[in-house]
Amino acid sequence: MSNKTTVFPDGFLWGGATAANQLEGAYRSDGKGLSVADAMPGGKQRFQILGSDTFNWEIDEDKFIYPNHRGIDHYHRFKEDIALFAKMGFKCYRFSIAWARIFPKGDEATPNEAGLKFYDQVIDECLKHGIEPVITISHYEMPLHLAKEYGGWKNRKMIDFFENYATVVLTRYGKKVKYWMTFNEINSAFHFPALSQGMVKATGAGDYQNIFQAWHNQFVASAKAVKIGHEINPDMQIGCMIIYATTYSIDANPINQMATLAQNQEFNFYCTDAQVRGEYPAYQQRMFDKYGVSELEMDADDLELMKKYAVDYIGFSYYMSSAVNETAVEEDTVVGNLLGGVRNPFLEASEWGWQIDPEGLRIALNELYDRYQKPLFIVENGLGAIDKVDENFYVEDDYRIDYLRRHIEAMSDAIKDGVDLMGYTPWGCIDLVSASTGEMSKRYGFIYVDLDDNGEGTMNRYEKKSFNWYKQVIETNGQNLK
């Protein structure tokens, strides 16, 4: 076991992270409309189905697959869940607002008051326990109507719909909530635009022209949200949110080195360059030439808006690193968080094949901070695993503790390197439905939820071994990781 000395600043935001579409359930309660997440199938073939030529967002609600749309019933049990977070000592809790709870179709002029009242309660419950809410405005769950009727984010009308939505939630909660993020893992659209852009092949996802146009529209919408938020509360901090996968060349071959540079620019930096620097990067034209993208449609003041209202901090998820081998005809490949690569012989992998690389997190933090000089916030990190419970529903998840310990040590090393790191919210702090399969068996949480892949179980909550370990980490501000 490591005895490294860790250092974290006073006021460091320790907490956990979830998403509305993966834990709330109550997908039709109190006026909520359907979201794209509600239209996604459950099961291990989810991404293959969504990526097929025939999928078109048409659904049969009678054939919904539990627990895909039932979540863990956080909608009715949020007080119990937040009390457990408080017992762990959370300083913050990252969650998302379900857009379709506020605007069921997405293009209405007037919001759904019942949806707004629900988040009033969630926010007040957090504050009652001394927990800072960290809210993602859009986390993989745009209203289904917007995907079907408008084709998702490639349509510029989406900017107005999002601006209306952001205005409502920022106005309603902006005096109580300091920390916000606009779009979850916005760069994920490079590989899978169904989640964050609401586009499938039937509505243009197979054409990079549409993906880049959708990004532009999202960048403008994000800038408008920053403008609105700062006008409501000048102390409000609004960040972007990306997937970050530290990327290595498999060797010193200049061809592989150049391919690694290109992958970093395209996946790790393009969206942050636009949202953090507020301008498109010099390598954009090379990307456009590579992916067959012509000039983007934009209004005269779009670029000025992006520059003036860049985000305040960078939120990112980190689960794994990636390796690039352009020179090999055939190579052993691996899967990952929407991004794969070739197998790195120096790393072990999770049960789902994601390569575990704590040192890669330190590298990621240094790369992002050196490039942008803006505060960083790790808002997702964790180990998805099949947990085995005993007769008392207790989970001895030493594998999870080991994973988190090593990543927290890497965070401390990055802070010693001079990185400005705001906080850390491990993903799925309570077991929830997997975004990639719509199942429960891939668990991340400190809290076990009695629910299986078929939707069977009591949904009672039980503390895992990692629960008290993380409580100790927070109590000691990261000093005691044993």
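Here are some friendly notes on this predicted model, point by point.

1. Ground rules. The model is predicted, with local features requiring pLDDT of at least 70, side-chain atom pairs counting only at pLDDT 80 or more, and totals for chains, interfaces and linings using all residues. Residues are numbered from 1 along each chain as its sequence is written, and side-chain values use heavy atoms, with hydrogens and water left out.

2. Aromatic pairs. A search of the whole structure gives 42 aromatic pairs. Here rings of Phe, Tyr and Trp (its six-membered ring) pair if their centres lie within 6.5 Å; planes under 30 degrees apart count as stacked, over 60 as edge-to-face and the rest as tilted. Tyr313 and Phe377 make a tilted pair, because their ring centres are 6.1 Å apart and their planes lie at 45°. Tyr313 belongs to strand β7 (residues 313–317) and Phe377 to strand β13 (residues 376–380), so this pair ties together parts that are 64 residues apart in sequence. Helices (H or I, at least four residues) and strands (E, at least two) are DSSP runs, numbered from the N terminus. Both Tyr313 and Phe377 are buried, where buried means under 20% relative accessible area, exposed over 50%, and partly exposed in between (1.4 Å probe, protein chains only).

3. An aromatic cluster. Do look at the group that ring pairs link into a cluster: Phe8, Phe12, Trp14, Phe85, Phe90, Tyr93, Phe95, Tyr424, Phe446, Trp469 and Tyr470.

4. Leu421 is buried, with a relative accessible area of 4%. Met422 is also in β14 (residues 421–424) and is buried too, at 14% relative accessible area. From Met422 to Val379 the C-alpha separation is 9.9 Å, across 43 residues of chain.

5. Charges over rings. The charged end of Arg371 sits over the ring of Phe269, 4.0 Å from its centre. Arg101 places its charged end over the ring of Phe118, 5.7 Å from the centre. The criterion is that NZ of Lys or CZ of Arg is within 6 Å of the ring centre and within 35 degrees of the ring normal.

6. Helix α13. This helix (residues 358–372) has 15 residues and reaches 22 Å from its first C-alpha to its last, close to the 21 Å expected at 1.5 Å a residue. The expected span is 1.5 Å times one less than the number of residues. Buried residues in α13 include Leu361, Ala364, Leu365, Leu368, Tyr369 and Tyr372. After α13 comes Gln373, with a positive phi near 55°.

7. Helix packing. Two packed helices are described by the angle between their axes and the distance between the axes. The axes of α10 (residues 254–277) and α13 come within 11 Å and cross at roughly 40°, which makes α10 oblique to α13. The axes of α7 (residues 157–173) and α9 (residues 208–232) come within 9 Å and cross at roughly 25°, which makes α7 roughly parallel to α9. Axes are lines fitted to C-alpha atoms, for helices over the stretch in contact, and angles run from 0 to 180 degrees between N-to-C directions. Angles under 35 degrees count as roughly parallel, over 145 as roughly antiparallel, 65 to 115 as roughly perpendicular and the rest as oblique. The crossing of α10 and α13 is right-handed, and the crossing of α7 and α9 is right-handed. A crossing is left-handed if the near helix is turned anticlockwise from the far one by less than a right angle, and right-handed if clockwise.

8. Positive phi in loops. Most residues other than glycine have a negative phi. Tyr140 has a positive phi near 60°; Tyr140 sits in the loop between β3 (132–138) and α6 (144–150) and is buried at 8% relative accessibility. Glu185, also not a glycine, has a positive phi of about 40°. Glu185 is in the loop between β4 (179–183) and α8 (193–197) and is buried at 3% relative accessibility.

9. Two loop lysines. Lys442, in the loop between β14 and β15 (447–449), is buried at 7% relative accessibility. Lys175, in the loop between α7 and β4, is exposed at 65%.
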